Amino acid sequence: MNDIAFSRLTRFGAVVGLALGLGFGAVGVSAAAKNAAPRAAVQVPVGEPVDSFPILTRLHDWQVIDDKTVIVWATPWQPYLVQLKYPSHDLPFVQTIGVTSLGDRVYARFDSLRVAGFRYPIDYIYKMTKEEAKELARQT
């Protein structure tokens with residue numbers, strides 16, 4: 001291979017590499033923007049932060065807000081907003097969820113939500129009023 005052919009091949013490789021790099025960079029930017037959009041839609045949690053909530057035998061009801069946030073009704077009168085440490089992509093589609101508890105209480109940063117056979121640690125718990133829970137569920 002002579003010097004001219006090697007020079008052309010090197011320039012061609014550089015142009016192809018630059019084009020591929022810019023293409024993958026654009027894909028990365030659009031993916032980052034796509035992932036950032038849902039996070040911006042999540043509002044600041046309502047209610048007062050609590051360390052735990054009582055649970056008698058099982059959850060009365062639950063409503064999915066997003067893949068990391070659930071409203072759980074410990075009783076028909078008392079809702080709690082539960083934020084998970086990690087997102088559960090199965091959460092919007094499951095028919096049942098479970099919750100671990102220590103005795104008759106569910107603790108933030110200790111207990112977990114069980115979704116599709118996997119445990120997702122509870123990061124934060126917020127005590128809500130019925131009106132706040134209904135409004136938040138209506139917004140989603």
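Trainee: Is S88 buried or exposed?
Mentor: Buried means under 20% relative accessible area, exposed over 50% and partly exposed in between, with a 1.4 Å probe and protein chains only. S88 has a relative accessibility of 0%. S88 therefore counts as buried.

Trainee: What kind of model is this, and how are its residues numbered?
Mentor: It is a predicted model, in which local features need pLDDT of at least 70, side-chain atom pairs count only at pLDDT 80 or more, and totals for chains, interfaces and linings use all residues. Side-chain values use heavy atoms, with hydrogens and water left out, and residues are numbered along each chain as its sequence is written, from 1.

Trainee: Which residues does S88 touch, not counting those up to four places away in sequence?
Mentor: S88 sits in the loop between strand 5 (78-84) and strand 6. Helices (H or I, at least four residues) and strands (E, at least two) are DSSP runs, numbered from the N terminus. Contact means heavy atoms within 4.5 Å. With residues up to four places away set aside, S88 touches D67, V115 and Y120.

Trainee: In what order do the elements of the protein run from the N terminus on?
Mentor: The protein has 2 helices and 9 strands. From the N terminus on, the order is α-β-β-β-β-β-β-β-β-β-α.

Trainee: Which element has the lowest mean pLDDT, and which the highest?
Mentor: pLDDT is the predictor's confidence in each residue, from 0 to 100. The protein averages 79, and 68% of the residues score at least 70. The lowest mean, 49, belongs to helix 1 (residues 3-41), and the highest, 97, to strand 9.

Trainee: How many contacts does the stretch with pLDDT below 50 have beyond near neighbours in sequence?
Mentor: The stretch covers residues 24-42. Beyond near neighbours in sequence, its number of contacts in the model is 1.

Trainee: How many salt bridges does the count come to?
Mentor: A salt bridge is a side-chain nitrogen of Lys or Arg within 4 Å of a carboxyl oxygen of Asp or Glu. By this rule the count is 2.

Trainee: Which parts does the salt bridge of R109 and D51 tie together?
Mentor: The closest N and O atoms of R109 and D51 are 3.7 Å apart. R109 lies in the loop between strand 7 (105-107) and strand 8 (112-115), and D51 in the loop between strand 1 (48-50) and strand 2 (52-54). The pair therefore ties together parts whose separation in sequence is 58 residues.

Trainee: Where do R138 and E135 lie?
Mentor: These two form a salt bridge, with the closest N and O atoms 3.6 Å apart. R138 is exposed at 58% relative accessible area, whereas E135 is partly exposed at 36%. They are 3 residues apart, about one turn, and both lie in helix 2 (residues 130-139).

Trainee: Which side chain of opposite charge is nearest to D123?
Mentor: D123 lies in strand 9 and is buried yet has no salt bridge. For charge, Lys and Arg count as positive and Asp and Glu as negative, with His and the chain ends not counted. Leaving aside neighbours within four places in sequence, D123 is in contact with Q83, L84, K85, A108 and R109. The nearest side chain of opposite charge, 4.0 Å away, is K85.

Trainee: How many bridges join strand 8 to strand 9?
Mentor: Two strands pair if DSSP finds at least two bridges between them. Strand 6 (residues 98-99) pairs with strand 8 in the antiparallel sense over 2 bridges, and G98 stands opposite R114. Strand 8 and strand 9 (residues 118-127) also run antiparallel, with P121 as the bridge partner of S112. The bridges joining strand 8 to strand 9 number 4.

Trainee: What is the phi of A116?
Mentor: Most residues other than glycine have a negative phi. A116 is in the hairpin of strand 8 and strand 9, which has 2 residues between the strands, and is partly exposed at 46% relative accessible area. Although A116 is not a glycine, its phi is positive, about 55 degrees.

Trainee: What share of the residues in the protein is buried?
Mentor: The protein has 140 residues. The buried share is 27%.
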